[in-house]
Amino acid sequence: MATANKGITTTTTATEAELLESIPEVMKALNLEEATIEPAAVATAQMAPYTTTDSETETSSTSSSSASALPPTTDAVRLPPGYLPFDYHVESEEYHPHGTSQCLFSKYGVPHISPQKAAELLPPIPSPRRNVGNGSGSGSCNENVVKKLEGKIRATTSLSQEDPANGLIYKARIYANNDIKLIPTKDWDATNECIKPRRGTLSVLADDFFSSLIQTEQEDQPRWLFSGVLNGWPSLVLLEVRSIHVTIRGTRIPSIKRGIQRLELRVWSLEKEGKKGIAPQFPVSKNKVVRYKEVHVKLRAASWTSKGWSKSSPGYAWWYEAQRLTPRLLHGEDMIRIPKREGEDNPECVRVHMFSHRYAMGLHKKENPKDRFTYHTAVLLEWDHQQYCTVVELALLNGMSGYGGKSNWFDDKNSTLPGLYRAIPKRMVAPWTWEYAEIRCQDVEAKNLLEFKKFIWKYTGHEHRFVDPKFTHSHDVRLSFRSKDHITRYLLNYIGRDRRYSEVFRNCQTFSADLYGFLAGKKGIEPFTYFNRIEYQNRSHMFLYDSNQYEQWQ
């Protein structure tokens, strides 16, 4: 483990730290539980400089004997103005939801998990699906780079496509502390002189990242985990380092799949250098001719992230119950488990509708050809209680939580802190990905189709949200088992069987066609646009079967 106080890099090992049972408990140790904070406490947290509290000092003093190598906990870390040292859900819109500026501050560097327990949390090292990377050898990370660059520079395709069942893969962008001019302006806050929080690039400074790695103590080989809050994303708190890649400036190589791209080299991997006990480190080019443009680190989350946002509630689907007296958001198996435990009503779905629209680009932005042919499709459900309707859609994984909870289906989309974002648990706040999908269910205020159409017309126009809305299908729900918990089970089965997202064969249009045809018992339901019909195959059967009974996507 390592501390991350500004200007200090010290590696320590916590041998007597509390053994945590799961990553959610690590989040709890980092003060990232879903809890509100009093305004007075928030005001105190906003004061600069930020210093550790008495409780933090006590925690550090009770650590192992090796913790004596830690820097004094009284060292102050000055936060940029307006940023909180920790990012809490707050009830007032006075506070901005995007809190943490850097990925690490003093408290994030205090050991929270022992190397022994970290090793227990790690699954076995997976075998990559494809690994044709070039280059091997011994020595340090930097020496390996020099060897590859002295002779013929060969491209490597070692971005191994690991089995997603072993956990989600993230790719962070690392910058040297003394070379911040390479950081793009979109990722750099020039006013506060820091990396902007919660960017899709997962940008972080090298000293902050590498000083916060835990080295496990395993007999077969050591492994390294990042322990902190990566780029301010609350859910990215414990990630295994898989490999390090560098992109060379001034190089252009052809690629069949990606066109012209820069030369990329792998300089460290867990399977090669890691197996020899060489620790990951920031690569430094010793060749004046070769300059690194970017340094990427491939990170792997816990194995259960392949199935859901939490270990206890698998399933990449969520339901925002906005029409409750106290709105809440449930995800995974909790969508069935909690309402059943609380004895809540279980309404039946009576009508189903399928509709499509283009996204508004703004009055002063012209649509390109792709925009004019891109339609989003969703399904509207009507219930027997006639109190509200539910919009069901398939979209990019973490697209809503990573975008600040800005949903098109609610009036408060453009508010500082939308109600949906208030309800999202912190473990769901992560950057979105183009490879995987999630299913979203959102209870809207409209009680029937007519009221929902009025809402759509209200926000139709290039200056609003929707363009060219079309309601293509409407029918009674014919399923015998059509209560809310039944429909929830169907959705969990569907997303559990295949989590991929594709603009061609698996997207919002194909999902809506499957769901509408399944609920209405109708044949011949196809995606809205012609382009999505080419590769479309009806997969309504996936709603019925337990995804856990299948070993792979079929």
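My entries on aromatic rings and on charges over rings follow.

**Ground rules.** I am reading a predicted model, where local features need pLDDT of at least 70, side-chain atom pairs count only at pLDDT 80 or more, and totals for chains, interfaces and linings use all residues. Residues are numbered from 1 along each chain as its sequence is written, and side-chain values use heavy atoms, with hydrogens and water left out.

**Aromatic pairs.** I searched the whole structure and found 25 aromatic pairs. Rings of Phe, Tyr and Trp (its six-membered ring) pair if their centres lie within 6.5 Å; planes under 30 degrees apart are stacked, over 60 edge-to-face, and the rest tilted. I picked Trp 457 and Phe 471, an edge-to-face pair with 6.3 Å between centres and 75° between planes. Trp 457 belongs to helix H11 (residues 449-458) and Phe 471 to strand S18 (residues 466-476), 14 residues apart. Helices (H or I, at least four residues) and strands (E, at least two) are DSSP runs, numbered from the N terminus.

**Why partly exposed?** I noted that Trp 457 counts as partly exposed because its relative accessibility is 45%. Phe 471 is partly exposed too, at 22%. Buried means under 20% relative accessible area, exposed over 50%, and partly exposed in between (1.4 Å probe, protein chains only).

**Neighbours.** I found both rings in one aromatic cluster, whose members include Phe 452 and Tyr 459. The charged end of Lys 453 sits over the ring of Phe 471, 5.1 Å from its centre. That label needs NZ of Lys or CZ of Arg within 6 Å of the ring centre and within 35 degrees of the ring normal. Elsewhere, I saw Arg 497 over the face of Tyr 550, 3.6 Å from the ring centre.
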